[in-house]
Amino acid sequence: MTAPIPRDIPDLPPIPGHVVLQPTVVPARAVLIPTRRRVVAVFRGLIALLALTGVTIELLAGGPPTAALSHFTIQSGILLALVMLASAKCAWSAHHPLPGALTGAALFYVAAAGLVHHLLPAGESSLFAVPDAAGPTWQTAATQILHTVVPAAAALDWLLFTTPGHLHLRQAPAWLLYPLAYLAFSLARGELLLPGSQDRYLYPFLDVDQHGYKGVLGNALLVGLALYALAVLLVALDHTRPNPFRRPR
């Protein structure tokens with residue numbers, strides 16, 4: 001017969017010279033193997049092609065290319081195209097997707113440019129009107145591509161082909177660093193150009209000659225608060241939207 005097993009076993013001291021390892025949490029992406037998603041890759045490639053088409057038309061529309069590249073919409077369109085091309089490569093070759101902070105930032109910038117274009121009043125009296133926005137039909141088409149089609153397609157890709165919950169509130173202040181840097185760039189560019197130069201200030205609300213630095217900084221503060229609210233809304237929607245990859249039970 002064997003001896004009975006005691007009910008209370010005392011804790012034994014660790015063996016000298018051996019390190020006790022703490023339990024760790026293994027992320028899901030370390031054990032889950034991503035699959036090829038060629039439909040997603042093609043869709044993202046088309047988004048990148050659309051964005052680059054709009055940017056190319058704007059660059060060829062006339063005037064120095066540096067002036068076109070100085071617009072926030074053009075810069076955000078180029079950034080989105082690069083992010084979509086990299087995301088398409090990841091989806092096609094079964095690599096892990098890009099960080100949500102990067103893809104969310106690209107979506108945030110094109111969405112902000114599109115919302116400013118559509119929601120804020122246009123015209124010469126508007127602080128947010130782009131000078132000489134009217135042009136030939138193909139230039140108008142480029143404007144609609146960059147302000148309507150590309151943001152809508154990027155939002156559709158986010159809703160249908162990305163897993164929710166990857167955006168976080170702590171990322172919102174970091175996303176505002178680029179608009180803040182763009183503000184500094186615009187003001188520095190206006191100071192370097194001669195007074196009276198065409199497109200010295202690309203947006204009327206940044207026109208120091210008309211509003212002064214106090215007025216321009218006040219306008220920039222209002223825009224910054226609106227952008228932060230948009231970023232918070234984007235994060236909230238990311239945590240409440242349904243998961244497109246979850247199968248119904």
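Helix α1 (residues 38-60) is the main contributor to a nonpolar surface patch, supplying 3 residues; helices are DSSP runs of H or I with at least four residues, numbered from the N terminus. The patch covers about 400 Å² and is made by V42, L46, L49 and W92. Patch members have over 30% relative accessible area and no salt bridge, and nonpolar side chains are joined within 5 Å; a salt bridge places a side-chain nitrogen of Lys or Arg within 4 Å of a carboxyl oxygen of Asp or Glu. L46 is located in helix α1 and is classed as partly exposed because its relative accessibility is 48% (buried, under 20%; exposed, over 50%; partly exposed, in between; 1.4 Å probe, protein chains only).

The model is predicted, with pLDDT of at least 70 needed for local features and 80 or more for side-chain atom pairs, whereas totals for chains, interfaces and linings use all residues. Numbering starts from 1 along each chain as its sequence is written, and side-chain values use heavy atoms, without hydrogens and water.

R241 lies in the segment after α8 (208-240) and counts as buried because its relative accessibility is 11%. The side chains of R241 and D238 form a polar contact of 3.0 Å (N or O atoms within 3.5 Å, one able to donate a hydrogen and the other to accept it). A polar atom of the R241 side chain is also 3.5 Å from the backbone oxygen of L159. Beyond neighbours within four places in sequence, R241 contacts W158, L159, T162, T163 and P164 (heavy atoms within 4.5 Å).

Overall, the chain contains 8 helices and 0 strands, and buried residues make up 34% of its 249 residues.

How values were computed
Patches are made of residues with over 30% relative accessible area and no salt bridge: like charges are joined within 9 Å, nonpolar side chains (Val, Leu, Ile, Met, Phe, Trp, Tyr) within 5 Å. Accessible areas come from the Shrake-Rupley method with a 1.4 Å probe; for residues, only the protein chains shown count as cover. Helices (H or I, at least four residues) and strands (E, at least two) are DSSP runs, numbered from the N terminus.
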